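Please look over the model shown here. The briefing that follows covers its interface, its helix packing and a few local features.

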Amino acid sequence: MSDGLNRFGRRLMFFAIIKSCIYGASCGVSIFALLWILSKREIIVLSPLVSALIGLGVALLVGGVLFLIIRPSRRRVARYIDDEFGLGERAQTMLAYVGESGAMVEVQRQDAERRMAEIPDSAIKFKRIWASCVALVLALSFIVCGIVVPAVAEELPEIPIIDGYEKNWRIAELKQLITRVSSDRFAEEGLRDGIVDNIEDLIDAIESTEEEPKMKASAIDTVKKIKAMLLEYNSSESISRAFLGSGDAVIETIGNAVAKLSDSTLTDAFVDLIDAVDSASDSSIVLSLYASKLSSALSSVSLSSDEDALYASMLMLANGINNILDGGSLDLDDLCEEVSAATSLAFLQQSDNQRISNIAMNEIIRIFSITDDELTEQGVEPPPSTDTDAPVTPPDDDNNDDLTGDNTGGYGSGDNMVGSDDSVYDPDLDMITKYKEVINKYYTIFDNQSGEISEEIAEIARKYFDLLLTPEEMK
Amino acid sequence: MENTERITQFSEAIKSIKEQLRRDIVGQDEVVENIIIAIIAGGNVLLEGVPGVGKTRLVRSLSRILNLPFSRIQFTPDLMPSDVTGSNIIEKDAEGRMNSIFRRGPIFANLVLADEINRATPKTQSAMLEVMQEHKITVGGTTYTLDEPFFVLATENPIEQDGTYPLPEAQMDRFFFKLIMTFPTASEIVDIVNMTQVTMGENADAVIDGPTILDMRDLASTVPVIDEVVLYAANLVAGTHPELENASSVARKYIKYGASPRAAQALITCAKVRALVRGSYNVSFDDVAALAVPVLRHRIKVNFNAVNDHLSTDDVIAMLIKEIKR
């Protein structure tokens, strides 16, 4: 057999093996990377091992098939030599006449051998090497993509970041809220201090982070704490809950009035109580029943009459009914009036507590744009809304406002709330309304009923309104 | 004789023929080479060229170089077939008896120059058919075999078509090649003028003889050729036929009728000689492609589309070569 053809054949076979390996490996790696990416993106479900095995299979298949296609047969080698080196079909003719004898055939063979021998090994090039490079680069690109593309499960949610401007705005708003709470003259001091402490803790918390979720979590936590503090200071809810569980309609109405901190509802409940006693054939039995249920409900509330005025007034009602049964001097009407008077002051105090707590909570909710759903998710019932004109987003920064200053126009240190447009919870209406309207209404009630209440209560109320009204308004 | 020695002699003979021809012919290298190829291959050649480009001189010079019996027939409209082939005549012998004897015509030579062959009538032209293909002549029921080697070198003038009779396709097919002798360049004309100042006669010397030519033909016939090259030649010829099912687009568009299988035979036979002339010992695709134009140009007829597109027969063949895959 021809030495020249063998030499070329060996080299071309080597190239064919290399080429088959490159293309096979490229296809296998690409398929593996593709399957890997699809698995990571959860488009298909395949473990990396299975993907690797499929890739290996594809590599072997493609490499094998490609080798079968491009493997250099002797004819292909001869054709390659003739085409590539311009031998004028010498190699092909030599191959075609292998085994044949003849003078001219022999001369032709020698001529072909001589021409092939003149071609150096270095002239036998790896054809289309760029295509192999492209295949390799593509395969590597797929692998890089496979590494870079994150898995769906590993994908981290984008954390919303609050910029410094909005953060400062929130801190300024919270500081303003602190001022507003601490300057309130009606809510209990302990509650106000507690709310202020919690807001300061919230400021500290948001100063230490830029991440919105963390800020919101801190804010919701603060709302939760304020709500807990309100329950601690206001006994209305625990008392009303005890009354609502008594199973008696009249006592439940009293419970509703307590929950709403509503004098008028309480008055209506007492009217129902008196009517129920009056309409009974044996009033002592009914009274005894009410006394028993009231005492039972109050005993379930872990409060003492010394600590809580509302509890004391309710206890006064239960004890008064027992006194009536025992033949005491008071009748039921008088008892109800006394209890109403005592309850009214407690209602007023707890209403103020509720008002300032609700303001604080709603302000925090507004500042941090917390939705009802977000509160509910954290087990916090949204507080009753309070009307506010304050913006839910920071003001434009065009004029470089001093955000630390009081620029909202709201209630601030030294402001007189009377006549202002600030809002307050009206327990009678069970809604947020203008403070001016509330104070005027109570003043009118007080003024109209001055002859019907005890002088002691009237004096307390007068002092209260004196605190609120300016000298001009007094006139 | 050793094979390498024969090949060496072949090469030297070719070289000598070319050298001697250059003594009488200026330029026309391709025509000269193709005539040599045709002579060695044993084919006839039709030379076409305007008057004065050296057609007759080329053939006369060739006859001197080949050292072969040469005859020239000037074809005219009144030339009769018997003027070419010879005829039986009545002759009285020494004893006074009348005998019919055959007097040989000018065709009885090894190298025949059929000058301006298209001026003879078709009847006389057809008298050349048998002799060109079979190298035999039948006169009066008797067949005479011509001495080998035998060649007909015909010339024709592409202009002055009045009073001419175009050669019939059957006769055209007998020519291996139709060679076009182009008009010489100015410098070549200068050389021609200088060359003929001393004498108008030919200067070439005899360098080979008939047996040598036959030996060269025999050697050339042994040149190996692969099937792919033969197939290529066949495809080229088949590609000239527009009526075939898988005809080439060139044929469909520009060819009226195509070449006969003799063209493929001529292509391969001449390609073998050309390979040896060019120093190769096998036939390549290039050999076949190079000979396609002289082999096919007189065997195909282009249609009006080619004329309309200002394409000559040679242009169409060149397009065909490009279209047919190797």
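Predicted model: local features only at pLDDT ≥ 70, side-chain atom pairs only at ≥ 80, totals over all residues.

**Interface of chain A and chain B**

- On chain A, 14 residues are in contact with 21 residues of chain B, where contact means heavy atoms within 4.5 Å.
- The size of an interface is often given as the accessible area lost when the parts come together.
- Here the buried area is about 1,400 Å², and carbon and sulfur atoms give 62% of it (buried area is the accessible area, with a 1.4 Å probe, that two parts lose on being put together, summed over both).
- A:Glu89, A:Met104 and A:Val107 supply 40% of the area that chain A buries against chain B, more than any other three residues.
- The rule finds one salt bridge across this interface.
- B:Glu228 and A:Arg75 form a salt bridge, and their closest N and O atoms are 2.8 Å apart.
- Helix 3 (74-85), helix 4 (90-96) and helix 5 (103-117) of chain A each supply at least two residues of the side that touches chain B; helices (H or I, at least four residues) and strands (E, at least two) are DSSP runs, numbered from the N terminus.
- The largest share of that side, five residues, comes from helix 5 of chain A.

**Helix packing**

- In chain B, the axes of helix 8 (residues 210-221) and helix 11 (residues 261-277) come within 9 Å and cross at roughly 100° (axes are lines fitted to C-alpha atoms, for helices over the stretch in contact, and angles run from 0 to 180 degrees between N-to-C directions).
- Helix 8 of chain B is therefore roughly perpendicular to helix 11 of chain B, a term that covers angles of 65 to 115 degrees.
- B:Leu219, B:Ala220 and B:Ser221 of helix 8 make the contact with B:Lys272, B:Val273 and B:Leu276 of helix 11.
- In chain A, helix 12 (residues 263-279) and helix 13 (residues 283-299) pack at an angle of about 140°, with their axes 7 Å apart.
- Residues making this contact include A:Leu273 of helix 12 and A:Tyr290 of helix 13.

**Local features**

- A:Lys167 and A:Glu210 meet through their side chains in a salt bridge (2.9 Å, N to O).
- This pair links distant parts of the chain, 43 residues apart.
- The peptide bond from B:Glu148 to B:Pro149 is cis, with omega near -5°.
- B:Pro149 lies in the loop between strand 7 (142-145) and strand 8 (151-156) of chain B.
- A:Leu261 is not a glycine, yet has a positive phi of about 55°.

Note on methods: Residues numbered from 1 in each chain as written. Chains lettered and ligands numbered in written order. Heavy atoms only, no water. Salt bridge = Lys/Arg side-chain N within 4 Å of Asp/Glu carboxyl O. Parallel < 35°, antiparallel > 145°, perpendicular 65-115°, else oblique.
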